Amino acid sequence: MNEVKNRLENYIINRFTMAILPDQSNMCTEVLELDEEFVVQKRPMEIIDQSCRFFGSSYEGRKEGTKDLIRTTHKPPIVLDPANSIYFFPTTSSTRQQCVWISYSHVKDFRKAEHNNTIITFNNGKEITLPISEGSFEKQLSRTARLQTNIFTRIEQEQRKLNMLLFPKDDKEISAIYEKLLRELRNRL
């Protein structure tokens, strides 16, 4: 593990978190943020689960949500906080000790390295080399993009419905809203 500035007992992933990396013993975690690095006295999966719970779910719940949204069960990406667009994806199965978690929004570029590794460049210019093939890394990025698009589309649809309710354009929209409300009330009775 690289030399780091701070040791922490707990850590919640936030919009500045770029990567969650296990140490060799898998008893601690190296956290890369935009401007800082930390060693956290927890395993990577403990940080992932604790962060999911902070934002209202568990890791298992986020995995199930991903499965429902994009039908991915193997190495599923997760949304930790859709409001702040915090999406992470694993480089291997989350049950493996060497699993690294990468923030989708912080990946600037990636390229093939020797021995079937991949060099990831983050938006702040920091680079790390990980034991994942370029093709697998690209697939993980693609899955995460699909997840983000599906969630964004659902949020946008709900926002449009709300806007239509709050700010109807004309009598036709007002009538449509009224009819829909009546249908929903009848269905509940």
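A residue is called buried under 20% relative accessible area, exposed over 50%, and partly exposed in between. The model examined here is predicted.

**Exercise 1.** Determine which residues of helix 1 are buried and how they are arranged about its axis.

*Solution.* Step 1: helix 1 spans residues 44–54, and its buried residues are Pro44, Ile47, Ile48, Ser51 and Cys52. Step 2: viewed down the axis of helix 1, these buried residues fall within an arc of 130°, so they line one face of the helix. Step 3: the cover over them includes strand 2 (17–22), strand 3 (29–33), strand 4 (37–40), helix 2 (59–70), strand 5 (78–81) and strand 7 (101–103). Step 4: the face of helix 1 turned away from the buried side carries the exposed residues Arg53 and Phe54. Step 5: just after helix 1, Gly56 adopts a positive phi of about 100°.

**Exercise 2.** Classify Arg53 by its relative accessibility and identify the salt bridge that its side chain forms with Asp49.

*Solution.* Step 1: Arg53 has 52% relative accessibility and therefore counts as exposed, the threshold being over 50%. Step 2: the side chains of Arg53 and Asp49 meet in a salt bridge at 2.8 Å, N to O. Step 3: both residues belong to helix 1 and lie 4 residues apart, about one turn of the helix. Step 4: an α-helix has 3.6 residues a turn, so residues three or four places apart point the same way.

**Exercise 3.** Which parts of the chain does the salt bridge between Lys126 and Glu37 tie together?

*Solution.* Step 1: the side chains of Lys126 and Glu37 meet at 3.2 Å, N to O. Step 2: Lys126 lies in the loop between strand 9 and strand 10 and Glu37 in strand 4, so the pair ties together parts 89 residues apart in sequence. Step 3: Lys126 counts as partly exposed at 24% relative accessibility, whereas Glu37 counts as buried at 17%.

Technical notes: Residues numbered from 1 in each chain as written. Predicted model: local features only at pLDDT ≥ 70, side-chain atom pairs only at ≥ 80, totals over all residues. Heavy atoms only, no water. Buried < 20%, exposed > 50% of the residue type's maximum accessible area, 1.4 Å probe, protein only. Helix = DSSP H or I, 4+ residues; strand = E, 2+ residues; numbered from the N terminus. Arc of directions from axis to C-beta. Contact = heavy atoms within 4.5 Å. Salt bridge = Lys/Arg side-chain N within 4 Å of Asp/Glu carboxyl O.
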